[in-house]
Amino acid sequence: GQAVSLLSGEGLSRDEAEAQRDTLIEGYRWILVDEYQDIGPEEYELIAAVAGRSIEDEDRRLSLFAVGDDDQNIYAFTGASVEFIRRFEEDYKAQPTQLIENYRSTANIIDASNQVIAPAAERMKTAHDITVNRARLKERYCGDLERLDTSGKGRVQILKNAGNDYKQAVLAVEELQRLSRIIPNWDWAKTAVISRDWKYLQPVRSYFEAKGIPVQLANADPPSFWRLQETQSLVKWLKDRPKAGLHVSELTDWMSARPEGPWWSLLREGVDDYASELGDRETDRRDVLEWLAEWGREARKRQSGLMLLSAHRAKGLEFDDVVVLDGSWDRRSQEDAQDAARRLYYVAMTRARRSLALISMGGTNRFLTDTNNDTFLIRNSPSHEIDFSACSKVYQTLRPSEVDLSFAGRLKSSDRSLQALARLNSGDPVQLVQNGDRWLVTDSDGVTVCRLARKYAPPPDARFVEGSVFAVNARFKEDS
């Protein structure tokens, strides 16, 4: 609050603003600002005010340490500008240092990424290419795949002539499946498919779902771990017991008697972690509840299957194996600064640790035109028959905002819907039916178990194929 007042100067004299600054920074001598390439005018003014850039007395200024990469400036459309990086040395009489060691990717992926970003205009690192960190200099240029992959040898692969959205979806799936067969201890939860726009990911999800491969979207809204009916069942069991005198073995025995299901499995994992940390000794319910609350917050953030995400969402993340889709990379708008799309493509490429495949639908990806060298392996798309119908399903996971959350709370205790809800478990089949201007979710007996919000409507011209329960959340009267 002090920082915002300081920035806006709302109702503050200069002396009052400086007094607030002194209170805010008391005891501090340094400020570290990460991702400096993402700051805009307002953030710049705030940082300058807190650091005391305009204060004449040098002893009253803070030392400012900033880390930024102009090649990863991908938020120009929100006002972020690399100009603030360029001005940093002059603004703060700073000493620049080039951080060029990459601790993530193979040397081959690093070199391929360098080639793609090199044509960008007015780069600040033109004489400072990124390199593999010194500790890995003696490792294979293409990493372990140089030995494991007899065809690709670990090079960055360009899959050409994909043709359309559906075909590139199939190529993405097939490439990752190929790697899964040759890489020991393969883990789908360490892989990703990245695109510029979310629409190109829908066929990929459809095809992965058809293959039975676990998949998740980065923009999905996972349910509250604490509100899951499974977690609330455990909470009720704990609260019905004495406050003290609970042995960990009693807790694990109760959990082992619970049915199978995705959320029970997750909850069982949390209890097992708690038991392994404490051993079989006495605990109390408060400790268990506090542990679960903390553990559940971390569990919601975990990747559980192949991740589908946009290049903007991918920034700051990393994966063992990455496929970057084609589509919309040639799109430009007034909001896009020069070379914005190239920098975004570079960000997508540099998410990969072990393998990287780039798909071209033919003529739309200008970043892959000058890549005929040993860093890349160019492959034409296979000519075998492809069942494109497996790419055509549209998947929706309803967000809480699309659901009438108080529906069950308004029903009489004898209502059939409440009885049906009590029997409902994750994975159970459901139907989507229209009732006037509202959509309802019904169970296998046709009983309504959920009413959707007025704003919800299925995609136009879509036909409902199948549905299932993702999660059942508890909601309390005081939530309304």
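Two residues are said to be in contact when heavy atoms of theirs lie within 4.5 Å of each other. The model is predicted, so local features are considered only at pLDDT of at least 70 and side-chain atom pairs only at pLDDT 80 or more, while totals for chains, interfaces and linings use all residues. Residues are numbered from 1 along each chain as its sequence is written, and side-chain values use heavy atoms, with hydrogens and water left out.

The chain has 480 residues, and 43% of them count as buried. Here buried means under 20% relative accessible area, exposed means over 50%, and partly exposed is in between, with a 1.4 Å probe and protein chains only. There are 15 helices and 17 strands; these are DSSP runs numbered from the N terminus, helices being H or I with at least four residues and strands E with at least two. The C-alpha trace spans about 75 × 70 × 55 Å along its principal axes. Among contacts in the chain with a separation of 6 or more, 77% involve residues 24 or more positions apart.

The interior comes next. In soluble globular proteins, nonpolar side chains tend to be buried together. A nonpolar core is defined here as a set of buried Ala, Val, Leu, Ile, Met, Phe, Trp, Tyr and Cys residues joined through side-chain atoms within 4.5 Å. In the largest such core, of 31 residues, the members that touch the most others are L176, V193, F208, L306, V323, L325 and I359. At least two residues of this core come from each of α7 (165-182), α8 (201-210), β10 (306-310) and β12 (352-359). Helix α7 gives the most, with seven residues. A second, separate core has 28 residues, including A192, A311, A352 and L358.

Which residues does L325 touch, not counting those up to four places away in sequence? The list is Q168, A172, V193, I194, S195, Y200, L201, V204 and I359. One of these partners, L201, lies in helix α8. L201 counts as buried because its relative accessibility is 2%. Leaving aside neighbours within four places in sequence, L201 is in contact with V193, S195, L308, L309, S310 and L325. Helix α8 also holds E209, which is partly exposed with a relative accessible area of 28%. Not counting residues up to four places away in sequence, E209 touches V215 and Y395.

Three further helices show how burial can be arranged. Helix α5 (residues 107-117) is largely enclosed by the rest of the structure, because nine of its 11 residues are buried. These buried residues are A107, N108, I109, I110, A112, S113, N114, V116 and I117. Their cover includes β3 (101-102), β4 (131-132), β5, α14 (340-349), β12 and β13 (376-380).

In helix α10 (residues 248-256), the buried residues are V248, L251, W254 and M255. They are on the same side of α10, because they cover an arc of only 125 degrees around the axis; the arc is that of the directions from the helix axis to the C-beta atoms. D253 and S256 are exposed on the other side of α10. Among the elements covering the buried residues of α10 are α9 (229-239), α11 (262-278) and α12 (285-301).

Helix α3 (residues 41-51) has Y44, I47, A48, V50 and A51 as its buried residues. These line one face of α3, because they fall within an arc of 165 degrees seen down the axis. Just after α3, G52 takes a positive phi of about 80 degrees.

Finally, two loops deserve a look. Most residues other than glycine have a negative phi. K153, which is not a glycine, has a positive phi near 55 degrees. K153 is found in the loop between α6 (145-148) and β5 (156-160) and is partly exposed, with a relative accessible area of 38%. N185 is not a glycine either, and has a positive phi of about 55 degrees. N185 lies in the loop between α7 and β6 (191-195) and is exposed, with a relative accessible area of 77%.
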